[in-house]
Amino acid sequence: MGIKAAVAGASGYAGGEVLRILAGHPEFEIGTLTAGSSAGTLMGAHQPHLRLLADRVLAETTPEELAGHDVVFLALPHGRSGPLAERLGRDVLVVDCGADFRLADAADWTEFYGSPHAGTWPYGLPELPGQREALAGATRIAVPGCYPTAVTLALYPAFLAGLVEPDVVVVAASGTSGAGRALKPHLLGSEVMGSVAAYGVGGVHRHTPEMIQNLSGVAGEPVTVSFTPTLAPMSRGILATCTARTRPGVTAETLRDAYGLAYDGEPFVGLLPEGQWPATSMTLGANTALVQVAHDERAGRAVVVVAIDNLTKGTGGGAVQSANLALGLPEELGLTTIGVSP
Ligand SMILES: NC(=O)C1=CN([C@@H]2O[C@H](COP(=O)(O)OP(=O)(O)OC[C@H]3O[C@@H](n4cnc5c(N)ncnc54)[C@H](OP(=O)(O)O)[C@@H]3O)[C@@H](O)[C@H]2O)C=CC1
Ligand SMILES: CC(=O)N[C@@H](CCC(=O)OP(=O)(O)O)C(=O)O
């Protein structure tokens, strides 16, 4: 008998990616699958690529249906995980792919999500300093947002080494799967194809406080982040370009050394060879973040580009990586670094 895992939100994009990874994981056994309005229908109607689950009937998302599992993955709209998690056993590992438990500051939560704050759980980004220890044995995990995963991995080494000022600018492109499966007018094929568009401009995107939280924690001082997301005509992937003013004396070499030090030995984050720049295609379906750093001497800024698959390292892969740590399994179990190309 393996570790029995239920997935709530199994008909959605994040739930589907968690299941794609669990299906290839040697220790997990897939238990109950739940949804919202799709409850009572077959998985095959929603996730035809997960053929081994095609005949499973989706249950309603209730604590009763999710009981009796060792691990429960929640991949539900924001605000749904809080009340549900309260009714799941304390000894069960609950891994929330949603935002409900990511932020430590209740005022930030209310400002950006507009509802009461559910609480704060151990943050599922193992690469952050001290986070592997925080996740070992945890029974609750908040999986980071996809953009904060990319941006935090891009910039924390520079802050850890004290090389940049606490003033960050990020422009990132995301594939449309980042917005979830529900029908949205701006995601119609005719709106998205052949065009890249900015959205959530001017410091209003809800991932901004999460980036600030992560980077300020490493920097040891408040960091400001100006974040502009853009929507790109691709289904998966995030490419984030992050810049910060460099401190006096910083060179291309000191920057590269800091990233080499931070990422040497990391199983899922890679500093690319000099001159090679990340592309989303390099990370498709892989639990990887690929990073490159340069020093723009005229502008006096560090420029870091990172690529991830928003659904893999940005959600499902990150969720399983953190669950492995919480359960005392090898961190890399069931996760691939091998991408899909072209
Ligand atoms: N897409 C991404 O790249 C990322 C997503 N996430 C997070 O994962 C979570 C899910 O996102 P995503 O998969 O993209 O969204 P989707 O819209 O694709 O899926 C949402 C899932 O939740 C179910 N659901 C919706 N409403 C309810 C409800 N009232 N009660 C129970 N179940 C419900 C849906 O079921 P039904 O089929 O019945 O509607 C579906 O299974 C979100 O919190 C999101 O923030 C995190 C990181 C990245
Ligand atoms: C392209 C797109 O719309 N992306 C989503 C982010 C998705 C995500 O990962 O964020 P959460 O887990 O916090 O929902 C957005 O900008 O709202």
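How many bridges join β11 to strand β12, and in which sense do the two strands run? In this predicted model, 3 bridges join β11 to β12 (residues 289-296), and the two strands run parallel. Within this pair, Gly270 stands opposite Leu290 in β12. Helix α9 (residues 252-263) packs on the sheet here. This helix touches β11, β12 and β13 (301-308). The direction of α9 makes about 160° with that of β12.

The sheet that holds β11 and β12 is open and has 7 strands. Its order is β8-β9-β7-β10-β13-β12-β11, and the pairing is mixed. The edges are taken by β8 (197-198) and β11 (269-271). Each of these has a single partner strand, so one side of each is left without a neighbour in the sheet.

A second open sheet is built from 6 strands. The strands follow the order β3-β2-β1-β4-β5-β6, with parallel pairing. Here β3 (59-60) and β6 (140-142) are the edge strands. Each pairs with a single strand, so one side of each lacks a neighbour in the sheet. Helix α10 packs on this sheet and touches β1, β4, β5 and β6. The direction of α10 makes about 160° with that of β5.

The pairing can be followed from strand to strand. β1 and strand β2 (residues 28-35) pair in the parallel sense over 5 bridges. Ala8 has Thr34 as its bridge partner in β2. Strand β1 (residues 3-8) is also joined to β4 by 4 bridges, again in parallel. In that pairing, Ala5 is partnered by Val71 of β4. On to β5 (residues 93-96), β4 is joined by 4 bridges, and these strands run parallel. Val71 has Leu93 as its bridge partner in β5. Together, β4, helix α3 (residues 81-86) and β5 make a right-handed β-α-β unit.

Strand β4 (residues 71-74) sends its side chains two ways. Val71 and Phe73 point one way, while Val72 and Leu74 point the other way. All of these residues are buried.

The protein is divided into two parts: domain 1 (3-143 + 313-327) and domain 2 (147-310). The C-alpha centres of domain 1 and domain 2 lie 24 Å apart. Across the boundary, 18 residues of domain 1 are in contact with 26 residues of domain 2. On the side of domain 1 that touches domain 2, α4 (106-113) and α10 (312-327) each supply at least two residues. The largest share of that side, 6 residues, comes from α10. By class, this side of domain 1 has 8 nonpolar, 6 polar and 4 charged residues.

Asp309 lies in the loop between β13 and α10. Is this residue buried or exposed? Asp309 counts as buried because it has 29 C-beta neighbours inside 10 Å, where 20 or more are required. Leaving aside residues up to four places away in sequence, Asp309 touches Arg236, Gly237, Thr283, Leu284, Gly285, Ala286 and Gly314. Asp257 is 52 residues from Asp309 along the chain, and the C-alpha atoms of the two are separated by 26 Å.

The bond runs from Ser341 to Pro342, with omega near -5°.

Conventions: Residues are numbered from 1 along each chain as its sequence is written. Chains are lettered from A and ligands numbered from 1 in the order in which they are written. This is a predicted model: local features need pLDDT of at least 70, side-chain atom pairs count only at pLDDT 80 or more; totals for chains, interfaces and linings use all residues. Two strands pair if DSSP finds at least two bridges between them. Two residues are in contact if their C-beta atoms, placed from the backbone, lie within 7 Å. Axes are lines fitted to C-alpha atoms, for helices over the stretch in contact, and angles run from 0 to 180 degrees between N-to-C directions. A residue is buried if 20 or more other C-beta atoms lie within 10 Å of its own, exposed if 12 or fewer, and partly exposed in between; C-beta atoms are placed from the backbone. A crossover is right-handed if, with the strands pointing away from the viewer, the path from the first strand over the helix to the second runs clockwise. Domain bounds come from an automatic or database domain assignment. Ala, Val, Leu, Ile, Met, Phe, Trp, Tyr, Cys and Pro count as nonpolar, Asp, Glu, Lys and Arg as charged, and the others, Gly among them, as polar.
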